[in-house]
Amino acid sequence: MTDFLGAALSFPTVLFSFLLVVVVGYWLLVLTGVLDLGDDLDVDGVPGNFLAGLGLGGVPSAVVFSLLVAVAWFVSLAGTALLDGLGFGSGTRILVSIGVLLAAALCAWLVTRLVAVPLSRLFPAESDATRHAFVGRLCVVRTGTVTADFGQAEVTAADGSSAVVQIRQPGEEKMTAGSSALIYDYDTEGEFFWVMPAGPAFDPLRHSAK
């Protein structure tokens, strides 16, 4: 255990260890509904367009960033553990550690690129026309609350397929996870839908079941 902590807190692994803690914390917040996963989420200042330029587009930035960090951390940890057993001097150790850092970054890019290709099929690109087709449909809230700048819901299209979308409400109506909402507009600039609580007139089946 001591050797593991030593390797994890040694250069260059310590750089990725910190990022890995951030990534784990982020996904814990996503799972608990405190944060939502956007299709074009900027992570630590890394925009989706930049990742697309690296050949990592088509997948939410948070997923790509998480894969990059996880792979880079694992490779650098393995490299650091190997260096500990070789007994290099301080000067040589620094130079070789920089090489491990570059190798970890390259491996992370290669592995993430390979994984991103099949994953991109799970996140099909939606045009504005497709998104506007959701206007007027009911959705089910998937986050603990919906505010003017936070919220996520699942909506079913006419063909029976479902999608998780970003939603917002201008007021302060109480909308919790599992409740129904009516999509009444789409914000092209913000890429989210405006919703309102769906009363018995819009969703009689759900309200009659309560």
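This is a short chat about local features of a predicted model.

Student: Let's start with the backbone. Which peptide bond is cis?
Tutor: The bond from Phe11 to Pro12 is cis. Its omega is near 10°.

Student: Where is Pro12 found?
Tutor: Pro12 is in a loop. That loop runs between helix 1 (2-8) and helix 2 (13-31).

Student: OK, phi then. What is the phi of Glu191?
Tutor: Near 55°. That is a positive value, and Glu191 is not a glycine.

Student: Where is Glu191 found?
Tutor: In the loop between strand 4 (180-187) and strand 5 (192-197). Glu191 is partly exposed, at 41% relative accessible area.

Student: New topic: rings. How many aromatic pairs are in the whole structure?
Tutor: A search finds 5. One of them is Phe4 with Trp73. Their ring centres are 6.3 Å apart.

Student: Why is the pair of Phe4 and Trp73 called edge-to-face?
Tutor: Because the planes of Phe4 and Trp73 meet at 70°, and the cut-off for edge-to-face is over 60 degrees.

Student: Which helices hold Phe4 and Trp73?
Tutor: Phe4 is in helix 1, and Trp73 is in helix 4 (residues 61-86).

Student: Is Trp73 buried or exposed?
Tutor: Trp73 counts as buried, at 16% relative accessibility. Phe4 is partly exposed, at 39%.

Student: What about Tyr186 and Phe193?
Tutor: Their ring centres are 4.8 Å apart. The planes are at 50°, so this pair is tilted. Tyr186 is buried, with a relative accessible area of 5%. Phe193 is buried too, with 2%.

Student: Which residues form an aromatic cluster with Tyr186?
Tutor: Phe134 and Phe193. Together with Tyr186 they form one cluster.

Student: What lies over the face of Phe192?
Tutor: Arg168 does. The distance to the ring centre is 5.2 Å.

Student: Last one, the surface. Which residues make the nonpolar patch?
Tutor: Phe11, Leu15, Ile94, Leu95, Ile98 and Leu102. The patch covers about 590 Å².

Student: Which helix gives the largest share of the patch?
Tutor: Helix 5 (residues 90-119), with 4 residues. Ile94 is found in helix 5.

Methods:
Residues are numbered from 1 along each chain as its sequence is written. This is a predicted model: local features need pLDDT of at least 70, side-chain atom pairs count only at pLDDT 80 or more; totals for chains, interfaces and linings use all residues. Side-chain values use heavy atoms; hydrogens and water are left out. Helices (H or I, at least four residues) and strands (E, at least two) are DSSP runs, numbered from the N terminus. Buried means under 20% relative accessible area, exposed over 50%, partly exposed in between (1.4 Å probe, protein chains only). Rings of Phe, Tyr and Trp (its six-membered ring) pair if their centres lie within 6.5 Å; planes under 30 degrees apart count as stacked, over 60 as edge-to-face and the rest as tilted. A charge sits over a ring if NZ of Lys or CZ of Arg is within 6 Å of the ring centre and within 35 degrees of the ring normal. Patches are made of residues with over 30% relative accessible area and no salt bridge: like charges are joined within 9 Å, nonpolar side chains (Val, Leu, Ile, Met, Phe, Trp, Tyr) within 5 Å. Accessible areas come from the Shrake-Rupley method with a 1.4 Å probe; for residues, only the protein chains shown count as cover. A salt bridge is a side-chain nitrogen of Lys or Arg within 4 Å of a carboxyl oxygen of Asp or Glu.
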